[in-house]
Amino acid sequence: LKCDNIVLTTTRGGRGEVAKLTDFGFARPAGDCLPASMAGAPSYMAPEMDAVSEYTAAVDMYSFGVCLYMMLTGGVQEA
């Protein structure tokens, strides 16, 4: 997950906007994931992915947190 893959679109009827996820190039069903494989943008990767240790779906929450940080501050995370 990265900010470039989150888009806002108008709802049907034009009453508001909703966020949608796009670009599922690396997406796999949860059971098909390789817990030690690396794929994605480095600045959005959780630390456990950098160490190439096994990881869980929690790395997606880390990426989401990076997106929230960037939306709130307008900047990137510090390494």
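Which residues make up the largest nonpolar core? In this predicted model, that core has 5 residues. They are Met 45, Ala 46, Met 49, Tyr 55 and Val 59.

The protein chain contains 2 helices and 2 strands. Read from the N terminus, the order of elements is β-β-α-α. The chain has 79 residues, and 13% of them are buried. Its accessible surface amounts to about 6,000 Å². Carbon and sulfur atoms account for 59% of that surface. Contacts were also sorted by separation along the sequence. Among those between residues at least 6 apart, 19% join residues at least 24 apart.

The two strands form a hairpin. Strand 1 covers residues 6-10, and strand 2 covers residues 17-21. The strands pair in the antiparallel sense, over 5 bridges. Two of the facing positions can be named. Leu 8 stands opposite Ala 19 of strand 2. Thr 10 stands opposite Glu 17, also in strand 2. Between the strands of the hairpin lie 6 residues. In this hairpin, Gly 13 adopts a positive phi near 95°.

Asn 5 belongs to the segment before strand 1. Is Asn 5 buried or exposed? Its relative accessible area is 12%, so Asn 5 is buried, the cut-off for burial being under 20%. Beyond its neighbours within four places in sequence, Asn 5 is in contact with Lys 20, Leu 21, Thr 22 and Asp 23. Asn 5 and Leu 21 are 16 residues apart in sequence. Their C-alpha atoms are 5.7 Å apart in space.

Helix 2 spans residues 58-73. Val 59 lies in this helix and is also a member of the largest nonpolar core. Val 59 counts as buried because its relative accessibility is 6%. Which residues does Val 59 contact, leaving aside its neighbours within four places in sequence? They are Ala 46, Glu 48 and Met 49. Ala 46 and Met 49 are themselves core residues. Val 59 and Leu 1 are 58 residues apart along the chain. A distance of 9.5 Å separates their C-alpha atoms.

Ser 63 is another residue of helix 2. Its relative accessibility is 7%, and Ser 63 therefore counts as buried. Residues up to four places away in sequence are again set aside. On that basis, Ser 63 touches Leu 1 and Tyr 44.

Met 61 has its place in helix 2. With a relative accessible area of 58%, Met 61 is exposed. Met 71 lies in helix 2 too. Why does Met 71 count as exposed? Its relative accessible area is 53%, and exposed means over 50%. Met 71 and Cys 3 are 68 residues apart along the chain. The C-alpha atoms of this pair are separated by 8.4 Å.

Both methionines take part in a nonpolar surface patch of about 730 Å². The patch is made by Leu 1, Leu 21, Met 61, Phe 64, Leu 68, Met 71 and Leu 72. Which element gives the most to this patch? Helix 2 does, with 5 residues. Leu 1 and Leu 21 are also among the patch residues. Leu 21 is in contact with Asn 5.

Val 59 of helix 2 belongs to the largest nonpolar core.

Methods. Residues numbered from 1 in each chain as written. Predicted model: local features only at pLDDT ≥ 70, side-chain atom pairs only at ≥ 80, totals over all residues. Heavy atoms only, no water. Patch = residues over 30% accessible without salt bridge, like charges linked within 9 Å, V, L, I, M, F, W, Y side chains within 5 Å. Areas by Shrake-Rupley, 256 points an atom, 1.4 Å probe, with all protein chains shown as cover. Salt bridge = Lys/Arg side-chain N within 4 Å of Asp/Glu carboxyl O. Helix = DSSP H or I, 4+ residues; strand = E, 2+ residues; numbered from the N terminus. Buried < 20%, exposed > 50% of the residue type's maximum accessible area, 1.4 Å probe, protein only. Contact = heavy atoms within 4.5 Å. Core = buried A, V, L, I, M, F, W, Y, C linked by side-chain atoms within 4.5 Å. Pairing = 2+ DSSP bridges.
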